[in-house]
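Please examine the sequence and the structure below before reading on.

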Amino acid sequence: MYYIGIDLGTSAVKLLLVDEEGSITSTVSKSYAVEYPRPGWSQQNPADWWEAVTAGARELMAGVDTAQVRAIGTGGQMHGLVALDVAGEVIRPCILWNDGRTDEEVCFLNETIGRERLSELAGNIAFAGFTAPKLLWMRKHEPDNFARIAHIMLPKDYLTFRLTGEFATDYSDASGTLLLDVEHRCWSAEMLEICGVSEAQMPRLMDGAEAVGTLSAAAAQELGLPAGTVVAAGAGDNAAAAVGCGAVAAGSCNISLGTSGTIFIPSDGFRVDAHNALHSFDYVEGRYHLMGCILSAASCSGWFVGDVLKAEGFDAEEAASDPAVATVDLPYFLPYLMGERSPHNDTAARGAFVGMRADTSRAQMVRAVREGVAFAIRDCVEVARSEDIRIERSTLCGGGSKSALMRQTLANVLNIELDLPETEQGPGYGAAMLAMVAAGDAPSVEACVGRIVRTRGSVVPDPQAVAAYEERYQIWRQMYPALKPIYRQMAR
């Protein structure tokens, strides 16, 4: 039997075909465009996602008996606002997770409604990427479109709608809307009222490993798959990636280095940190998790090596950037190319090199970019540690983890061991695992993890480098507070 995992990313959708033993038999990736109508804005046409999925599915199944496909699961980018009218048609392009247009709405929520009240209602404060501020923005700036909304969806759930005709979401993805009462796992009536929407407009809430329904006849024809194939509710990209890496039980941890970077900490009970610097979200099968998210991770190296240096050989640039010992007089990098979410919640933050000298080399700057990403992840880890959460090791996934230097740098900066999953396919693999459970072919997500998730090795921190990076981090962490007032002036 086979299971299809769909990873709806920001720049491409990836489809995986997974057998009952957890082996990936084929993968397909289809890209699509991101629109940037104004500086700091980002949006996409949901029709492009569906077109990519239908084309990818047929390619994925080439030469495979489609009758053997048992179930489909989706994982993907969170927070995006997909607004549909009464006919199920998209009203406007989806406002994406990394869109920064809602600064005014975030201030209204955090300052007028108040951070403490938001935390009581939704377990979180407002961040620019969340869905609730986008609804407020749409109500103010596009009232005609806002009045047409019949269904509010998240990106992966739009795919589920196209697959099944059902309006549903899972708890992990719903947590990132700021419309969910995370602790009690229900839509918050007060948050819906604040945003001017009703529960009737919201999707049905489900566990990620539950079956939403089955593939409709129309979708089956478009995808070339059997009608009646089970479709799981799936999960937000970070939750799906954590499932795929095996970080399900309390005490585990997963770090993902993709376009953005996250640290994902599962727990059996609901909790928030003292300042809501980390996100407090739901997870699968009644669990919760804390999550820190930095908006620019692997994308920082892509930007500097590719866009700025115009270098053709990324690996060569990386290899040349590895002095034996980190010293405090090397340059530093703040990775806030898209503003920052955790722990600063500052849309005005910007990237910066600090400490350049006349003899600063190209290789040192490449290294500084890599270190800056690791330091930003550590900022999130320090919040968790301040809440007496012990993180002694973590799984590691995402495109940025393919760099051996990045892996070692992160292990040294965090001073923890990092386990590398044998099958590292991020959200798509976790989505396929959720599909297995939804189809009844695994008794639970944790049991599925125990059966098919394996590690291929670990990265151990170097004590000498740990000490050197500790000194550098203590200097680096003072830079954002020093630059914060300047960022605000630049944003006027």
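A residue is called buried when its relative accessible area is under 20%. The model discussed here is predicted. By that definition, G261, I263, I265 and S267 on one side of strand β17, and T262, F264 and P266 on the other, are all buried, and both faces of β17 are therefore covered.

**The sheet as a whole**
- The sheet is open and has 7 strands, in the order β18-β19-β17-β16-β22-β23-β24, and its pairing is mixed.
- The edges are formed by β18 (279-282) and β24 (455-459); each has a single partner strand, so one side of each lacks a neighbour in the sheet.
- On average, neighbouring strands of this sheet are turned by 30° against each other, direction ignored.
- Strands of a sheet pair through backbone hydrogen bonds, in either a parallel or an antiparallel sense.

**Strand β17 and its partners**
- Strand β17 (residues 261-267) pairs with strand β19 (residues 288-294) in the antiparallel sense over 7 bridges.
- Within this pairing, G261 stands opposite I294, and F264 has M291 as its bridge partner.
- Strand β16 also runs antiparallel to β17, and 4 bridges join the two.
- L257 stands opposite G261 in β17.

- Helix α12 (residues 362-386) lies across β16 (254-257), β17 and β19, and runs at about 150° to β19.
- Because 7 of the 7 residues of β17 are buried, this strand is largely enclosed by the rest of the structure.

How values were computed:
Residues are numbered from 1 along each chain as its sequence is written. This is a predicted model: local features need pLDDT of at least 70, side-chain atom pairs count only at pLDDT 80 or more; totals for chains, interfaces and linings use all residues. Side-chain values use heavy atoms; hydrogens and water are left out. Two strands pair if DSSP finds at least two bridges between them. Axes are lines fitted to C-alpha atoms, for helices over the stretch in contact, and angles run from 0 to 180 degrees between N-to-C directions. Contact means heavy atoms within 4.5 Å. Buried means under 20% relative accessible area, exposed over 50%, partly exposed in between (1.4 Å probe, protein chains only).
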